[in-house]
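Subject: Handover of a structure and notes on it

Dear colleague,

Please read them with the sequence and the model open beside you.

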Amino acid sequence: MMATIKDVAKMAKVAPSTVSRVIANNPRISERTKERVREAMQELGYHPNFIARSLANQSTQAIGIIMPSSADKSFQNPFFPEVIRGISKGAHQKQYALHMATGETEEEIFEGVVQMVEGKQVDGIILLYSRVDDQLTNFLIEKQFPFVIVGKPFKHVEEITHVDNDNYRASKEVTEHLIELGHERIAFVGGNLNFVVTIDRLLGYEKAINVAGLPYKDDYIIHEEFQEEGGKEAVLELFSLKEPPTALVVADDLMAVGVLNTLHEMGIQVPADVSVVSFNNIMLAELSRPPLTSVDIHIVQLGYEAAKNMIQMIENPSEPIKRIIIPHTLVKRQTCHLKKEDKKRA
């Protein structure tokens, strides 16, 4: 016979209502009591009926996760598994389930989210991207449905809780790092300009170039997909120029791996001939050859904070709008070097 909540209460020597509060992680219950109840639940093999609990609370106890494209494509980039790992950690602490919208196109993903919202399948939604004039964001605002963005909203910044890095500042800093190494011909390899993160990183790069008094060259600005193939295409274009760059700011580590592989195939040495700096600091950055200098944006923390703040909004509808900025760190490895001429003078 399956154990009941009354069996747990009897073994833990508390009231059944106390067991219910422990399951709900009520802060008014002492940690000592929670531990005693949980030990009884484990010994009896008792598992809470979350479906019944959700019906009683008129809550699904679930959060929707929305990626910028189909899961097959998105999961090729390690950023997404890492940010979802952080979300999962935050959700697990409050015993929330995660649902993922699926679809091959933006329209299919949008329809999936509409079903989530209208069908009351989730209590809130986390968007793992921020697009320029995104119909999904507009829909959620119109429906007054709780949501959090991982990234900076393009519009309504003061009205949307979001978790982000200071991508403008980070990009400016890494470009300044290359300038300090003596580089004057610095290219920017970015993703789709429809994403706000690309815009912010491009603007930071531009600012550093302008402050240093270096010429801004349109030929040095390349936009490709956040995929390894995108890095390859960027290198082929940049190094067909009459005066190719001596350093690259690449907006994503997976793209940067494509950059490194293609430069190697072309016989161009990193960092002896070209310096490369990138963003995200995924495991591939450390494992690449040579190991990649990259900006650690603390992806797991981005996800964790998104989940934590999403749940706060669900459980307290009057929760104020927040802008959470996760600090970044430049991790220097072996793809950046003093420019050759400067090394000779040194």
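The protein has 15 helices and 12 strands, where helices (H or I, at least four residues) and strands (E, at least two) are DSSP runs, numbered from the N terminus. Please bear in mind that this is a predicted model, in which local features need pLDDT of at least 70 and side-chain atom pairs count only at pLDDT 80 or more, whereas totals for chains, interfaces and linings use all residues. Residues are numbered from 1 along each chain as its sequence is written, and side-chain values use heavy atoms, with hydrogens and water left out.

Along its principal axes, the C-alpha trace spans about 80 × 40 × 35 Å. Of the 346 residues in the protein, 49% are buried, a term that stands for under 20% relative accessible area, with exposed meaning over 50% and partly exposed lying in between (1.4 Å probe, protein chains only). If a contact is taken as heavy atoms within 4.5 Å, then among the contacts in the protein with a separation of 6 or more, 68% are between residues 24 or more positions apart.

The sheet

Six strands form an open sheet with mixed pairing, in the order β7-β6-β8-β9-β10-β12; two strands pair if DSSP finds at least two bridges between them. Because β7 (221-223) and β12 (329-331) stand at the edges with a single partner strand each, one side of each is left without a neighbour in the sheet. From one strand to the next, the twist averages 20°, and here axes are lines fitted to C-alpha atoms, for helices over the stretch in contact, with angles running from 0 to 180 degrees between N-to-C directions.

Strand β9 (residues 275-279) runs parallel to strand β10 (residues 293-296), to which three bridges join it, and in this pair S278 stands opposite S294 in β10. Helix α12 (residues 253-265) packs on the sheet, where it touches β6 (186-190), β8 (247-250), β9 and β10, and its direction makes about 160° with that of β9. The pairing of β8 with β9 is also in the parallel sense and extends over three bridges, with V249 opposite V277 in β9.

In a regular strand the side chains alternate between the two faces of the sheet. From β9, S275, V277 and F279 point one way and V276 and S278 the other way, and all are buried.

A residue in α9

L178 has its place in helix α9 (residues 167-180) and is buried, with a relative accessible area of 0%. Leaving aside residues up to four places away in sequence, L178 touches H183, I186, A247, L248, V249, S275, V277 and C336.

Cavities and pockets

Both terms refer to a 1 Å grid over the protein atoms alone: a cavity is a set of points where a 1.4 Å probe fits but cannot get out, a pocket is an open set with protein on both sides within 12 Å along at least five of seven lines, and lining residues have an atom within 4 Å of a point. Grid points are joined across faces, edges and corners, and a volume is the space filled by probe spheres set on the points. For the classes, Ala, Val, Leu, Ile, Met, Phe, Trp, Tyr, Cys and Pro count as nonpolar, Asp, Glu, Lys and Arg as charged, and the others, Gly among them, as polar.

There are three cavities of 30 Å³ or more in the structure. The largest cavity holds about 100 Å³ of space, and of the 14 residues that line it, R131, D134, T137, F154 and K155 are the closest to its centre. Its lining has six nonpolar, four polar and four charged residues. The second largest cavity, with a volume of about 40 Å³, has a lining of six nonpolar, no polar and three charged residues.

The largest pocket contains about 650 Å³ of space and is lined by 35 residues, of which P68, F80, F195, V197 and F226 lie nearest its centre. Helix α10 provides the largest share of that lining, four residues. The second largest pocket has a volume of about 360 Å³; its lining numbers 16 residues, and those nearest its centre are Q144, F145, P146, F147 and M313.

With best wishes
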